[in-house]
Amino acid sequence: MASYYDIDDILVEEQRVPVAFQQAVNGVDIDPSAETHCVEPGSKVELPYWLAHELHLRKVAKMKVPACFNQRTKLELGADGASVDLRSRCLYFYEFGCKIAPLVGDRDMGSFLLSAFRTRYQKILAKAHNAAFTAHSKLLSYLTKEETNLYEAAQSSMAAFKKWRIGGPRFERASVLGRKRKEAN
Amino acid sequence: MAGQSDPNVSIFSGEEVEFMAEDEMVEIVPNMRMEPLNMLCGDFGPFYPQMATQVPMWLAIALKKRGKCTIRPPEWMSVENLTQILEAERESQAAFQVLPFHYVEISSLLFDYASGDIPDLYMVRSLINDIRDARFLKVESSLESFEDARSSAVKVKNLSAMEVNVVRPFVGRALQAFYKHGSPDLVPNPEAMSARRPQATDNIQRRPLRRR
């Protein structure tokens with residue numbers, strides 16, 4: 001599903017993750033205002049996931065749970081999952097969570113994501129198939145990328161069905177057919 | 001189309017579903033004499049005036065357009081039967097009534113091309129619209145319940161082609177998402193998971209599809 005050229009997958013890996021360096025690294029500028037070209041062990045920075053992931057695997061830095069998966073978000077999602085603005089926290093909330101979970105050693109992440117998606121899924125389901133697109137701009141502004149895709153899939157299939165039901169011209173005449181033949185000379 | 005960005009989820013357009021429905025058989029009463037037609041999909045005819053015969057929908061429509069026959073509406077399209085079905089649909093929230101697989105398309109085709117051949121046209125049309133709306137609401141409410149179960153599955157019987165087609169992109173995507181988010185806690189070893197994407201571990205044995 002996630003292929004090399006999947007633009008969403010690439011964007012997921014752009015998300016920032018807080019890491020703490022465990023070893024000193026020479027010749028790296030992560031802070032432009034630093035005086036030396038090296039990173040002390042224990043310094044904390046936010047790096048994109050693709051970089052943090054590699055550093056984590058080489059045991060140079062240790063990943064921490066990003067801000068969008070903090071305790072507060074978990075509590076809010078547990079209280080009223082459907083009306084939490086996940087879009088502003090992380091556009092790729094679920095995909096990012098799936099990638100992060102094994103690295104930060106969070107055992108509950110999978111079930112947390114699943115239960116969050118479940119509650120929000122019901123709301124999307126209730127809205128997606130019946131109302132006009134404009135009526136739900138508020139809901140749409142809360143949804144993550146994946147949920148938006150889901151919503152739009154439902155909307156467009158419903159729109160296609162309505163279009164078919166109302167019907168149009170059953171047979172379209174090719175534009176060539178109506179034309180008169182040109183004079184031979 | 002909704003499924004275009006993701007090749008795993010494809011949808012048919014309404015017109016395509018209608019095209020498939022045109023293979024269903026209907027009864028026509030020709031008003032002309034004609035030799036049997038030998039088609040790849042079967043032999044139809046011979047046609048004699050006032051002798052009812054079974055032909056596929058597309059042939060019936062082609063003959064109807066030329067004024068060569070009248071189409072007999074199928075038995076389920078009677079007012080009594082439809083009223084009964086509508087009542088039953090409204091009564092039970094879970095079960096769907098048995099209707100032909102292509103009932104939406106067949107009725108719409110008949111309304112378009114053979115409206116003169118249907119007795120109580122307005123009544124039948126509004127009954128079918130009501131049935132369709134009632135059923136669609138029920139589809140939605142039954143989809144709502146399916147993520148309560150641990151297995152992320154739902155059992156909806158007797159859905160028709162058009163109803164399935166409308167919810168297909170949504171359900172397909174939703175199931176994929178449930179599968180994806182459900183899998184990390186199924187895989188206990190975190191090291192193996194970081195090396196291999198959880199989505200790629202799709203090696204659950206599939207049951208062969210049942211023949212229709």
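**Reading strands and helices**

Author: Happy to! In β4(A), the residue bridged to A:P18 is A:E46. Keep in mind that this is a predicted model.

Reader: Which strands pair there, and in what sense?

Author: Here is the general idea: strands of a sheet pair through backbone hydrogen bonds, either parallel or antiparallel. In this case, β1 of chain A, residues 16-21, pairs with β4(A) in the antiparallel sense over five bridges.

Reader: What is the order of the strands in the open sheet of chain A?

Author: The order is β4-β1-β5, three strands with antiparallel pairing. β4 (44-48) and β5 (61-63) of chain A each have a single partner strand and stand at the edges, so one side of each lacks a neighbour in the sheet. From one strand to the next, the twist averages 40°.

Reader: Let's move to helices. How do I describe two that pack together?

Author: Two packed helices are described by the angle between their axes and the distance between the axes. Take α5 (residues 93-104) and α6 (residues 109-128) of chain A: their axes are 9 Å apart, and the packing angle is about 170°. That makes the two helices, α5(A) and α6(A), roughly antiparallel. The crossing of α5(A) past α6(A) is left-handed.

Reader: Which residues of α5(A) and α6(A) meet?

Author: From α5(A) come A:Y94, A:G97, A:C98 and A:A101, and they meet A:M109, A:G110, A:L113 and A:F117 of α6(A).

Reader: Is α5(A) largely enclosed or left open?

Author: Eleven of its twelve residues are buried, so α5(A) is largely enclosed by the rest of the structure. The buried residues include A:F93, A:F96, A:I100 and A:L103, and also A:E95 and A:K99. Just after this helix, A:G105 has a positive phi of about 70°.

Reader: How does the span of α5(A) agree with its number of residues?

Author: Count 1.5 Å a residue: the twelve residues of α5(A) should span 16 Å, and the end C-alpha atoms are 15 Å apart, which agrees. After α8(A) comes A:G167, with a positive phi near 80°.

Reader: How do α6(A) and α8(A) cross?

Author: Their axes come within 9 Å and cross at roughly 25°. α6(A) and α8(A) are therefore roughly parallel to each other, and α6(A) passes α8(A) in a right-handed crossing. In α6(A), A:R120, A:I124 and A:A128 meet a group in α8(A) made up of A:E147, A:L150, A:Y151, A:A154 and A:Q155.

Reader: And chain B: how many helices and strands does it have?

Author: Chain B has seven helices and five strands, and along the sequence they follow the pattern α-β-β-β-β-α-β-α-α-α-α-α. Of its 212 residues, 30% count as buried.

Reader: Where does B:G45 lie?

Author: B:G45 sits in the loop between β3 (42-44) and β4 (53-56) of chain B. With 17 other C-beta atoms within 10 Å, B:G45 is partly exposed. Leaving aside neighbours within four places in sequence, B:G45 is in contact with B:M34, B:E35, B:P36, B:L37 and B:T53. B:M32 is 13 residues from B:G45 in sequence, and their C-alpha atoms are 11 Å apart in space.

Notes: Residues are numbered from 1 along each chain as its sequence is written. Chains are lettered from A and ligands numbered from 1 in the order in which they are written. This is a predicted model: local features need pLDDT of at least 70, side-chain atom pairs count only at pLDDT 80 or more; totals for chains, interfaces and linings use all residues. Helices (H or I, at least four residues) and strands (E, at least two) are DSSP runs, numbered from the N terminus. A residue is buried if 20 or more other C-beta atoms lie within 10 Å of its own, exposed if 12 or fewer, and partly exposed in between; C-beta atoms are placed from the backbone. Two strands pair if DSSP finds at least two bridges between them. Axes are lines fitted to C-alpha atoms, for helices over the stretch in contact, and angles run from 0 to 180 degrees between N-to-C directions. Angles under 35 degrees count as roughly parallel, over 145 as roughly antiparallel, 65 to 115 as roughly perpendicular and the rest as oblique. A crossing is left-handed if the near helix is turned anticlockwise from the far one by less than a right angle, and right-handed if clockwise. Two residues are in contact if their C-beta atoms, placed from the backbone, lie within 7 Å. The expected span of a helix is 1.5 Å times one less than its number of residues.
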